[in-house]
Amino acid sequence: MTTQRHDFDPTPFLVEELPWAPRFSLRVRPENRAALAGALGLELPTAVGQRSTAGGVEVLCLGPDEWTILAPDAAPLAAGSGAAYAQIPHSLVEISDREITLRLSGAQALTALTTGCPRDIDAMPVGQGARTLFDSATVILWRDDRQDFRMDVWRSFLPHVRALLDQVMVELKSGL
Amino acid sequence: MLLIHCPYCDATLPEAEFAYAGEAHISRPADPSALSDEEWRDYLFIRTNARGPHFERWRHIHGCGRFFNAVRDTVSDRFLMTYKAGEARPDLTVKEAAE
């Protein structure tokens with residue numbers, strides 16, 4: 001007789017839509033990076049994927065000249081950028097409404113992400129992040145803990161991403 | 001799926017994050033209006049179509065967003081090396097001797 005055993009898990013992972021928060025895209029050439037970091041009072045990591053947190057402001061290095069910044073208070077950042085603009089050419093763009101952040105947590109959050117991301121997420125160190133792909137949507141992935149992720153999704157892709165995650169939820173609940 | 005090393009991220013990542021962007025080391029003529037029709041055609045359309053190592057551009061579009069150059073063997077579809085945009089065309093005989 002063949003018996004099939006499943007480990008049923010009623011809540012394999014949790015998807016939450018995080019509330020709106022100010023978000024910026026910063027572009028500056030590498031030779032001006034240090035000067036601009038000083039002018040804005042930010043720490044701009046140099047290696048792609050690295051993050052820094054200071055005073056509630058989170059910075060993620062997306063590329064050699066590109067950073068995404070989460071700042072609870074946008075005013076000082078905008079003022080610093082305006083004051084430094086004449087001396088240090090750069091671009092600071094508010095993109096708060098472009099993306100919506102999903103938080104994925106729970107015992108199988110990593111498994112849920114691997115259904116859409118081609119990248120080896122398990123190898124991503126905790127406390128780092130990266131821009132990558134979820135199915136066909138470009139997303140920014142932040143790894144806050146082993147099974148705790150934030151995923152910034154462009155808002156027009158959100159229904160597609162949510163539908164896929166709902167499907168994954170059903171499959172994981174049924175032990176597939 | 002192919003794995004491609006991005007020289008800017010310094011990581012080996014799946015092909016799905018990248019986009020192919022044609023042959024590398026083709027520079028736009030400084031004065032296009034001085035060219036004959038044949039020379040302009042060659043610049044626009046005529047490509048190496050190499051059998052073996054091929055120098056080509058790729059873009060890490062779903063990642064750091066940067067263009068870079070790669071050497072791919074068109075027979076085996078293996079990536080021999082990747083290097084940053086703007087760097088000189090690498091000498092493959094030196095690389096073979098080192099291996």
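**Chain B, then chain A**

Tutor: Along its sequence, chain B follows the pattern β-β-β-α-β-β-β-α. That gives two helices and six strands. Keep in mind that this is a predicted model.

Student: What makes β5 and β6 of chain B a pair?

Tutor: Two strands pair if there are at least two bridges between them. Strand β5(B), residues 67-73, and β6(B) have five bridges. So they meet the cut-off and count as paired. Their pairing is antiparallel. For one bridge, look at Phe68(B): its partner in β6(B) is Lys84(B).

Student: Which strands form the open sheet in chain B, and in what order?

Tutor: The order is β3-β4-β5-β6, four strands with antiparallel pairing.

Student: Why are β3 and β6 of chain B called edge strands?

Tutor: Each pairs on one side only. Find β3 at 19-23 and β6 at 79-84. From one strand to the next, the twist averages 30°.

Student: What share of chain B counts as buried?

Tutor: Of its 99 residues, 18%. The test is 20 or more other C-beta atoms within 10 Å of the residue's own. So 18% of the residues of chain B pass that test.

Student: Which extent do the C-alpha atoms of chain B have along the principal axes?

Tutor: They fill a box of roughly 45 × 35 × 25 Å.

Student: Now chain A. What is the strand order in its open sheet of five strands?

Tutor: It runs β1-β7-β10-β9-β8, with antiparallel pairing. The edge strands are β1 (14-17) and β8 of chain A, and each pairs on one side only.

Student: How do you know that β8(A) pairs with β9(A)?

Tutor: Count bridges again. Six join β8(A) to β9(A), residues 137-145. At least two are needed, so the strands are paired. They run antiparallel. Within this pair, Ala130(A) has Leu141(A) as its bridge partner in β9(A).

Student: How many residues does each chain bring to the contact between A and B?

Tutor: Chain A brings 13 residues and chain B brings 12 residues. On the side of chain A that touches chain B, β8(A) gives the most, with four residues.

Student: What classes of residue make up that side of chain A?

Tutor: Six are nonpolar, four are polar and three are charged.

How values were computed
Residues are numbered from 1 along each chain as its sequence is written. Chains are lettered from A and ligands numbered from 1 in the order in which they are written. This is a predicted model: local features need pLDDT of at least 70, side-chain atom pairs count only at pLDDT 80 or more; totals for chains, interfaces and linings use all residues. Axes are lines fitted to C-alpha atoms, for helices over the stretch in contact, and angles run from 0 to 180 degrees between N-to-C directions. Two residues are in contact if their C-beta atoms, placed from the backbone, lie within 7 Å. Ala, Val, Leu, Ile, Met, Phe, Trp, Tyr, Cys and Pro count as nonpolar, Asp, Glu, Lys and Arg as charged, and the others, Gly among them, as polar. A residue is buried if 20 or more other C-beta atoms lie within 10 Å of its own, exposed if 12 or fewer, and partly exposed in between; C-beta atoms are placed from the backbone.
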